[in-house]
Amino acid sequence: MKIFYGGKIILCTRGSRQTIGKMSKMKLRQKQRISYYEPDEPNLDEYVFCDKCADFVYEYCAIHGPLLVIPDDKVSSKPKYPSFVPRAALTIPSVFLHLAPSRIPGAGLGVFSTLTIPRGVRFGPYRGKRTDQIRSMYCWQIYDKNNKPSHVVDAADGNSSNWMRYVNCARHWSEQNLVAYQYKGQLYYRTIKIIPRFTELMVFYGSEFAHILHIDLRTYNSPPGYAQKFGAPPNKKPKLDDNNNLQDKTKCPENGSTKISSSETYKTNIDIENTSPIVTEETIKKISHDKKFICNDCGTKCDTKTLLIKHIDVHKPIIIEPIKTIIKIQKSIKDGQKYYQCGQCNYKCARKDHLERHIKTHTGEKPFKCQYCNYKFAQKGHLNDHIRTHTGEKPFKCQYCNYKCAQKNSLKKHIRTHTGEKPFKCQYCNYKCARKSSLNDHIRTHTSEKPFKCQYCNYKFAQKGHLNDHIRTHTGEKPFKCQYCNYKCAHKCSLNNHIRTHTGEKPFKCQYCNYKCAQKGSLNYHIRTHTGEKSYLCEICDKKFKNYSILEQHLHVHMVKKF
Ligand SMILES: C[S@@+](CC[C@H](N)C(=O)[O-])C[C@H]1O[C@@H](n2cnc3c(N)ncnc32)[C@H](O)[C@@H]1O
């Protein structure tokens, strides 16, 4: 977003002011606005950019309405969190967002969406101490009505700022989903695209700060026309020399890397034109030197040793106390037969040596060690199974087909695919299945139990596979690769969908007409045109909608309107 002063549109970024194009104040005035009473000449930072009109409007768009506002959570004077949790972390609007380790390696914490957030949502203002100098990486420069730097908002102190200090800097235009803009003397963030849930929120800090973070400004650039959607003038290409290096560059004193010179009209989608160097070489040095306590585990930089020691606690493993209870071996009689019963759980068996073997699962004793990798096991049979993962031996053969495997249990499961045997039965309904794990998954659809918890954001899942899928939204891991092109993704079903764009396969068929398609989602959407069913659920009030765009409109009901 931009602010208008002196006939120019100014983009306010961290420590830099960007002139993004000339636009006369008069021209704005001549535009027809639905405004019946305008007492004073408004300040130029009272104009905001309407995405839908692709134009600047006074205070809010008369056609598309005001921006949606998500306010900070209120923090009670006696918060129930330990005192080392900064107040800023408690102000996060917790219905919509949460804090978690950033997807950017070594960047510390970041802000993630908990629900899908529509475009055009406003967060803020950015809170911090008002100062006149940029002293930390948590600063935004504010400008006055004469287009001069007025003051800096510094959120370095976590107790006098808000959650917006945790938003990290996008490394490429494609991951940027927020823009920062000045409005009535304060700084806000606005969503510039739909942010799916569990996505990290990222803004652009401005070229000087991006440079300090080693973001390659030559590749940050958006595709032609992208920046203009947010109110920028047409892109100018950066000047590159014969070796594809930026011309007019200076060397960073810290590490000799390239710094974009202040005279350069280098364009990025929001950091449009670098007119005055606000972060000096001195500031860069100071910032880099200030944070000299670095965590070896995650790269988080701390100002003091005490803060680093506090931070390191995050990485300490939780130590589980060994079971101290004495495990009794009892004999009981059931159906006229003698059983050995474990004193620790309900396990019963007919042989003493089986019970002794079982007891090791409680004591943690693992006397059987693998000769290839030092992995240890409580039972010899498990060690033998494991050793076959090293030797590749597959001694178990199917009597119906050529299938071979390393584990007896795997063969048993496989044989059921031939015999159709479904020995596992649900106690709540008629469901039967061939695998115990499928039954356990199914039973949780009755009990609503969600035992699989995400270590990054506390989200819980009923199935381990779903948790694994979810964790990749935090780690950014993309293990699924297309065999036809360079496409990679985090979920197997996304790869399957993608592969069909190569093969042209359309396996999903409508039961009501001849419609066929490549994606299950498209079939479901199509089927609703026959059934009229609504299945887009609002996660806040449980109302259902026919399609995503109606749901997105509805989400507005849950947000505060500005006027
Ligand atoms: C305003 S803070 C953002 C919140 C920060 N991650 C935290 O945990 O407090 C700016 C700091 O985050 C880190 N950071 C933000 N964006 C980054 C990026 N793209 N690459 C590397 N580090 C980044 C840097 O350590 C930077 O000094």
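The model is predicted, so local features are reported only at pLDDT of at least 70 and side-chain atom pairs only at pLDDT 80 or more, while totals for chains, interfaces and linings use all residues. Residues are numbered from 1 along each chain as its sequence is written, and side-chain values use heavy atoms, with hydrogens and water left out.

The secondary structure of the protein chain comes to 14 helices and 38 strands; here helices (H or I, at least four residues) and strands (E, at least two) are DSSP runs numbered from the N terminus. Of the 563 residues in the chain, 40% are buried. Buried stands for a relative accessible area under 20%, exposed for over 50%, and partly exposed for values in between, with a 1.4 Å probe and protein chains only. Among contacts with a separation of 6 or more, 45% join residues 24 or more positions apart, where contact means heavy atoms within 4.5 Å.

β14 pairs with β15 in the antiparallel sense over 6 bridges, two strands being paired if DSSP finds at least two bridges between them. Within this pairing, tyrosine 181 has tyrosine 188 of β15 as its bridge partner. The hairpin of β14 and β15 has 2 residues between the strands, and lysine 184 takes a positive phi near 45° there.

Of its 5 residues, 4 are buried, so β8 is largely enclosed by the rest of the structure. β7 (residues 97-101) runs antiparallel to β8 and is joined to it by 5 bridges. Across this pair, histidine 98 stands opposite phenylalanine 112 in β8.

Some backbone angles also deserve a mention. Most residues other than glycine have a negative phi, and most peptide bonds are trans. The peptide bond from glycine 124 to proline 125 is cis, with omega near 10°, and proline 125 sits in the loop between β9 (121-123) and β10 (129-131). Phenylalanine 198 is not a glycine, yet has a positive phi of about 70°. This phenylalanine belongs to the loop between β15 (186-191) and β16 (202-203) and is buried, with a relative accessible area of 9%. Serine 448 likewise has a positive phi, near 60°, but is exposed at 54% relative accessibility. The loop that holds serine 448 runs between α10 (436-447) and β30 (452-453).

The UniProt record, in an unreviewed entry, places the feature "domain: C2H2-type" at several spans, among them residues 368-395, 424-451 and 452-479; UniProt positions follow the numbering used here, feature names are shortened, and annotations may be inferred rather than shown by experiment. Residues 368-395 are 43% helix and 14% strand, with end C-alpha atoms 21 Å apart. Residues 424-451 also have end C-alpha atoms 21 Å apart, with 43% helix and 14% strand.

Two residues illustrate the surroundings in this part of the chain. Lysine 366, in the loop between α7 (352-363) and β24 (368-369), is partly exposed with a relative accessible area of 48%. Not counting residues up to four places away in sequence, lysine 366 touches Lys376, Phe377 and Ala378. Arginine 472 lies in helix α11 and is buried at 13% relative accessibility. Leaving aside neighbours within four places in sequence, arginine 472 contacts Glu477, Pro479, Phe480, Ala490 and His491. The C-alpha atoms of arginine 472 and phenylalanine 198 are separated by 10.0 Å, although the two residues are 274 residues apart along the chain.

Finally, the second largest pocket has a volume of about 1,200 Å³. Of the 34 residues in its lining, Pro196, Arg197, Thr473, His491 and Ser494 are the closest to its centre. On a 1 Å grid over the protein atoms alone, a pocket is an open set of points where a 1.4 Å probe fits, with protein on both sides within 12 Å along at least five of seven lines, and lining residues have an atom within 4 Å of a point. Grid points are joined across faces, edges and corners, and the volume is the space filled by probe spheres set on the points. α13 (520-531) is among the elements that each supply at least two lining residues, and α13 gives the most, with 4 residues.
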